[in-house]
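Please read these notes alongside the structure.

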Number of protein chains: 2
Amino acid sequence: MRIDRTALADLARGAAFLGSGGGGDPYYGLLLAEAALERTGGFDLISPSDLADDALVAPCGWIGAPTVSVEKLPNGGETVAGLRRLEQIMGRRIDAVLPVEIGGGNGLAPFIAAAELGVPVVDCDGMGRAFPESQMVIFNVRGVSACPSVLTAACGSLAVIETDNNLTHERIARGLSVALGGIAHMVEYPLTGTQAKHQSIPGSVSAAIAIGAAIRTARTERRDPFEALATALRATGLYPHCLTLFDGKITDLERETRGGFSIGKVVIDGFGGDGQMEVLFQNENLVARLNSEVRAMVPDLITIMDRETADTITTERLKYGQRVKVIAASAPSMLREPAALALMGPGAFGFDPAFTPIETLNNIEGA
Amino acid sequence: MRIDRTALADLARGAAFLGSGGGGDPYYGLLLAEAALERTGGFDLISPSDLADDALVAPCGWIGAPTVSVEKLPNGGETVAGLRRLEQIMGRRIDAVLPVEIGGGNGLAPFIAAAELGVPVVDCDGMGRAFPESQMVIFNVRGVSACPSVLTAACGSLAVIETDNNLTHERIARGLSVALGGIAHMVEYPLTGTQAKHQSIPGSVSAAIAIGAAIRTARTERRDPFEALATALRATGLYPHCLTLFDGKITDLERETRGGFSIGKVVIDGFGGDGQMEVLFQNENLVARLNSEVRAMVPDLITIMDRETADTITTERLKYGQRVKVIAASAPSMLREPAALALMGPGAFGFDPAFTPIETLNNIEGA
């Protein structure tokens, strides 16, 4: 599949939704990817099955607090510096790149890489959404090592990490991202072609493009973008259930940048006096409670969107007074397996209740 | 010069004094170096002038809060892992090692490296004492790059840093040391033989040995160890002035581990009711005030010692009730040059008054 300017904008829109509030606002990533597209004429999106088994595939993205990314822009050279260093360490060329996480700005990160290296992007990712910590990735669930990984920052600094523990790797990389100014580009979990085929969330890049296209088309044709979104999500096969959890106005917001994360809580009051929704986040939205009752929990997707335009509002862009809808979608089935839930479920974030799917929490028919 | 078991113990004693309260307690470093000596039979200490101009010389030591090093012991493999990686990056063997700082446990660090690699230790260092931050080193004053540097930790993790700014390097390395558990081994500022000859503090390792030997001999011969220390310091040529600033009991201590440092203040009450001395520290003792009047300031050396045994008490070992003498010594002249003072003088630690030598502050005769 050839990615043109329209597909790129659709991807940004769809990835913003799949980010569940995190992964960073895709705006800057889209500008950088559009500039790369101008230079190169377009990008190739290939299926994992197109990869040679022994290919070297590099997942890439940004690590840090999205709040920082609003003010501290990339210099544009971080991506290629990190990838070239990985090539040097591995003693061979990178054959393809992919997003560590399809969610938010990170869904666009590999397109800049692809343009620089002249390689295709693979239609898969490691999360099927965005997660705040780097070990919360299907590659880790399936036993792939994060290392060697390479962090690069706008100041021109570079760091290589090697450790055999993926949680230790997250701690080191997080500490580095703080020391490097709060945000850094990271190439991690280098994969073989075989690993990319069998140990990733397949089709998530094209799913993001389809979701973004559905919202765009609905707007043009003056149809309800939220209905279009739900239909598109179901059609991907990856996100079978979707519902609007709440409709209201943001009346309270707590948000701080701590330990390399944006952490906080947003409170939304319903328009018809029909109660209050509270969404807790750590970069990504983690738990949504309606009148203190849990209605959605990680790894299911929780995204706050402008109630008129269906534009996603990432956690660093939340503001008092915004009129929003809270949308939930079921996570890809790979993320609901016990081994994945142990790393990415509510317990991994310190929440007590065990994971319950949105279908059960909201009595969705046919679930 | 061949380093035997006695010289090693003397070095530990002398390095503890030169650490100005920092560089970590040499006890664990001494145990590791003694074990290495058992295996290898001894170490060679060579003069910088013995180095080939194009030799690869690796300064090494530990970065982190000394308070952490009391409880978190090295696994013994950090040093060789970091040095071997530097060799891999540089594409050649390391010819010799030296201490980044002669002060405290870091004065012993290169001996473990020397044993592992089968190379000599060079009789020089980068500080002539210990300083809390890695850019506070004569190599930096003289324009040498800290990178590539390699950090290794007890958990087996390794990180390589590359940046062209030595202050940025310190920030990254400090962040890494925190992420790696509070302390890490670091190989940094790789030098050529020519650089080691002309851009280091020469003779500081043998000076530490001579200082330690003087204290040991005085104890054996029941002479005053403080007098022996002062005589030995003057004889080195590096530390021409020395005096006892205060004699008393520790009556207050504030100490916290913050940002990868041990930071605090110790208050000492005089025995004869002759006032109070306050010593401020950030890993190392920075400023000593007698009844609020400055009597010594960084980069001059300020060391707190047991008033009976002349054992150095590093900042992480200070305790309420200890009976101590506060000793000051003039810093090596290279550290008092304007370019060095800008990086290691009182202003670099946020103190207002410009550097004044202890000779002037204490009206030492002949100064």
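The points below take the basis of the model, then the strand, then the helix.

1. This is a predicted model, in which local features need pLDDT of at least 70 and side-chain atom pairs count only at pLDDT 80 or more, while totals for chains, interfaces and linings use all residues. Residues are numbered from 1 along each chain as its sequence is written, chains are lettered from A and ligands numbered from 1 in the order in which they are written, and side-chain values use heavy atoms, without hydrogens and water.

2. Strand β3 of chain B covers residues 56–64; eight of its nine residues are buried, so the rest of the structure largely encloses it. Buried means under 20% relative accessible area, exposed over 50%, and partly exposed in between (1.4 Å probe, protein chains only). Helices (H or I, at least four residues) and strands (E, at least two) are DSSP runs numbered from the N terminus.

3. Strands pair if DSSP finds at least two bridges between them. β3(B) pairs in the parallel sense with β4(B) (residues 96–99) over four bridges, with B:Pro59 bridged to B:Leu98. Its pairing with β9(B) (residues 183–187) is antiparallel, over five bridges, and B:Gly61 has B:Met186 as bridge partner there.

4. Helix α2 of chain B (residues 27–40) has buried residues B:Gly29, B:Leu30, B:Ala33, B:Glu34, B:Ala36 and B:Leu37. They cover an arc of only 165 degrees around the axis, which puts them on the same side of α2(B); the arc is that of the directions from the helix axis to the C-beta atoms. The face turned away from this side carries the exposed residues B:Glu38 and B:Arg39.

5. Just after α2(B), B:Gly41 takes a positive phi of about 90 degrees.
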